[in-house]
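Q: I have a new model on my screen and I'd like to learn how to read it. Can we go through it feature by feature?

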Amino acid sequence: MDRVLKTARSSGSLNLSNRSLREVPEEVYKILDAVGEGEKWWENVELQKLILAHNSIESIKEDLKNLSQLTVLNVSHNQLSALPAAIGELPMLKLLDVSFNLIQKVPDEIGSATSLVKFDCSSNQLRELPSSLGGCLDLSDLKASNNSITSLPEDLARCSKLTKVDVEGNKLKVLSGNLMASWTMLTEFNASKNLLSDIPDNFGSLSRLIRLDLHQNRISTIPPSIMGCCSLAEFYMGLNNALSTLPAEIGALSRLGTLDLHSNQLKEIPVEACKLQLSMLDLSNNSLTVLPPELGKMTTLRKLLLNGNPLRSLRSSLVSGPTATLLKYLQSRLSEGEDSKSTTPAKKDLISMTARLSVSSKNVYNTVSSSLLSTSFLSKEGILEISLQGLGLSSVPSEVWESNEIVKADLSRNSIQELPVELSFCVSLQATNFCIKVGLLSSLNLKFVFSLWNILQKLFYECLILSRNKISDWPFAVLKSLPNLLCLKLDNNALTQATLCAAGQDLNIGNFVVLMGMALNSVLIVLPLFVFQYVLLTTKVIIPSDGFQAVPMLQILDLSGNPASLLAHPAFSSLPHLKELYLRQVQLREIPSDILSLQQLQVLNLSQNSLHSIPEGFKNLSSLTELDLSDNNISALPPELGLLEPSLQALRLDGNPLRSIRRTILDRGTKAVLKYLMDKLPEH
C-alpha cells in the first residue's frame, strides 16, 4: 500500500480497485500528510483521480472533503448505502461514478459540485434524484438506469448541456415536456423499460438526437413532431404493446438507419415511412395483414423482420426468406406510373398554389394542404422551397421570380431551354441557392447553359451537388474556382482519369457545365464554364492524389458509387475541416491511412466495400458520431474502437462475417458493442 500511495502522491492518481477493501484506507483521506522517507514534499501533488471500484466498501467518511482537488471519483461496484454530504465540497469534481451500490438517496449537497460533467448512479435503490442536481450546469452525461425512480425533477431543465441521458429500467410514467424543451443538446436518450404511456408533443425539439431507445414501455402513439429529430440514426420502440399506428411524419427522418418496432399492435405501415433509408427494420410480432408495395423502394434495407404477423398477402417463404427477395417481390407489385398518379395537382394549380404560398409562408404548416406541401414547403431553417419538377414546363413560371421569399426552386425533369433574365433580380434566390437538377448532361441545350451561367455567375456557392450524373473526369478547374466550397457530392458518377494531350495538341471539347444531380433535398450549385483542353484516353476510374487541394474548407464529401476511384490515394489530409465523408461502394480493400488524421470527422460511411480489417488508429477520431461499416468482409474489430463510446452513437456492422462478437451483443446495438470492445482493452 505504501508504494501505491507514494506513486499517487507524485502522479495525482490513485487506483485501489479490485482489492477486496471493506473501507477506504485512512491514509487516502490524508494522503499528503503521510510523506514517506526519501520523498520530497514539494514534488508531491494533490490527489485528482481516485478509483475505488469493485470492492466491498460500505461507507465513505466526511473526510472526503480533504481531497478538494478531485476531478474523478469512481466508487462503483461496492456496498455503499449512502454518500457523504462532503461530496458537495469537491468543487473540481467532473466525473462521479457511484453505480452498482445500494444507495437509496443522493444527498442534496451534490448540487454544490458545480463542475460535475458526468454522473453515473445507475443500478442502486434510488426512488428519486435531488432537485439540486439542476445546479450542476455543466452536466452533460447522466446515467440513472436500473433504479426505482418515478419522476425526473423539473430543475434538471437547467442542465442544458446534457448530451446523454440514460434512465432505463425505472418506474417513470411521464416525460416532462419542459425537460425536452431544455435538453436541445441531447444526442442519446434511453428511457426504455419504464411505464411511459406517451411521448411529449415537443419531442421534435431534440434536433441533435442520434439514438432514441423507448422500448418496453406502454406508449400508444408517436407524436408528429418526431420529424424534428432530424439527426436520429437509431430508434427503438419494441415491446410498446399499445403502439397501433405510426405518424406519416416519421418518413422525414432522413438519417434513420435502424428502426425497431417489434412486439406492438401495428396494423399498417404508412406509405410515407417507405421513404426512409433504413438498413434494419424490425416489424416482427405485430398485427400487420398487408405491406405497402412502396416498401420495395427501400433499397438500403439489409434486414427486415416480419415474423409473427398475420400477413395474408405474402407467402411464408417470402416472409422468412432473404430481405432482398422480399423487396424485389414488393417492387414487382408497384404499378408503372403509380407515383405520378397519386395526388399530384394539375400544372396550373401547382404554380398558382406556389405563388399563394409564398405570400403566407410564415403560416405554411398551419394553412397548407398535404398536396401543396409536396410542392412548396418550409425547410428546417425556415426558408421557403418550391418543387415544380416533372411538369413538362417549357419556361420558368413568373411566380418563381415575382416572390420575394422563395429561396430554393426545383425545376428538374422539365423541357426548359432558356432562363428568363428576370431571375437575376430575384434577391431571395441570389442570397441562397437556385436549383435546376438534371439527369443526363449530354441532353442540355447550349443556349440553356449560357443563359444559366449569365444569371447565376454572381452567386456565392458553398455546396456543389453532382449526384447521379455522368461526370467522367475530376473537375480540377471547376473546384479551383470554388475555394469556399463546404459540400461536394459526386456520388454515383463515372469519374475517370483524364490523360492530358501534349503541348500544341490541345483539343477543345466544348464549353462544359456541370449541374446538380437527382437528390431531392440537395442544394443547387452551377459551375463556371471552362474549356477543357485534353483528350480522354482512359476510362480507369481514379481521383488524382492532389484532387482535394483546391477545396481545403470542405466539410462534406460524398464519393460513393464510383468504384476504384481512390486508387491514386487522394490526400484526405488536405481536408482538415471535413465533418462528413461518404465512401460507400468504391471497392476499398483497406482504409486510407490519412482518414485517421481527420480530427473533426463526425460521419464516416465505408459500407459496401471489401474491407477486411479496421485499424487501431480509429480511436483518434474522437469526434465521430456515425460509422457505417456494413456489407464488408470484416471478421474482427479492434478493442480500441470502444474508446469512441463517448461520441460514437451509431455503429453499423450488418453484412460482415464478424466472429469475435456474439450475435446477441450485435443485436443490442451500438452501445452494447462499444462496451464489449471497451471491456476487451488490456488493463494497464
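Q: Which residue forms a salt bridge with R255, and how far apart are the closest N and O atoms?

A: Keep in mind that this is a predicted model. The general idea is that side chains of opposite charge can pair when their charged atoms come close. Here the partner of R255 is E626, with 3.6 Å between the closest N and O atoms. This pair links distant parts of the chain, 371 residues apart: E626 sits in strand β24 (residues 626-628), while R255 sits in the loop between β10 and β11 (258-260).

Q: Which residues are joined with R255 into one network?

A: Salt bridges that share partners join R255, E580 and E626.

Q: Is E626 buried or exposed?

A: The cut-off to remember is 20% relative accessible area, under which a residue counts as buried. E626 comes in at 9%, so that one is buried. R255 has 32%, which makes R255 partly exposed.

Q: How many salt bridges does the count come to?

A: Twelve. Take D166 and K671 as another example: their side chains meet at 2.6 Å, N to O. D166 is buried at 6% relative accessibility, whereas K671 is partly exposed at 24%.

Q: What about E234 and R211, how do their side chains meet?

A: They form a salt bridge too, at 3.3 Å from N to O. E234 is in strand β10 (residues 234-236) and R211 in strand β9 (residues 211-213), so to speak two distant parts of the chain, 23 residues apart. Both ends are worth checking for burial. E234 has a relative accessible area of 3%, so E234 is buried, and R211 counts as buried at 4%.

Q: Where does E128 lie, and what is E128 in contact with?

A: For contacts, set aside the neighbours within four places in sequence and see what remains. E128 lies in the loop between β5 (118-120) and β6 (141-143), and with those neighbours left out, E128 is in contact with K105 and I149. K105 is 23 residues from E128 in sequence, yet their C-alpha atoms are 7.3 Å apart in space. E128 is partly exposed, with a relative accessible area of 47%.

Q: How many aromatic pairs does a search of the whole structure find?

A: Two. Look at the distance between ring centres and the angle between ring planes. For F189 and F203 the centres are 6.4 Å apart and the planes are at 50 degrees, so the pair is tilted. F189 is in strand β8 (residues 188-190) and F203 in the loop between β8 and β9, 14 residues apart. Both count as buried, F189 at 1% relative accessibility and F203 at 0%.

The other pair is F548 and F572, with centres 5.2 Å apart and planes at 40 degrees, so this pair is tilted as well. F548 lies in the loop between β20 (530-533) and β21 (556-558), and F572 in the loop between β21 and β22 (580-582). Both of these phenylalanines are buried.

Q: Where does pLDDT stay under 50?

A: Where pLDDT is low, the predicted coordinates should not be read in detail. In this model, that applies to residues 421-461, where pLDDT stays under 50, and to residues 496-541, where pLDDT also stays under 50. The protein chain averages a pLDDT of 77, and 69% of the residues score at least 70.

How values were computed:
Residues are numbered from 1 along each chain as its sequence is written. This is a predicted model: local features need pLDDT of at least 70, side-chain atom pairs count only at pLDDT 80 or more; totals for chains, interfaces and linings use all residues. Side-chain values use heavy atoms; hydrogens and water are left out. pLDDT is the predictor's confidence in each residue, from 0 to 100. Contact means heavy atoms within 4.5 Å. A salt bridge is a side-chain nitrogen of Lys or Arg within 4 Å of a carboxyl oxygen of Asp or Glu. Buried means under 20% relative accessible area, exposed over 50%, partly exposed in between (1.4 Å probe, protein chains only). Rings of Phe, Tyr and Trp (its six-membered ring) pair if their centres lie within 6.5 Å; planes under 30 degrees apart count as stacked, over 60 as edge-to-face and the rest as tilted.
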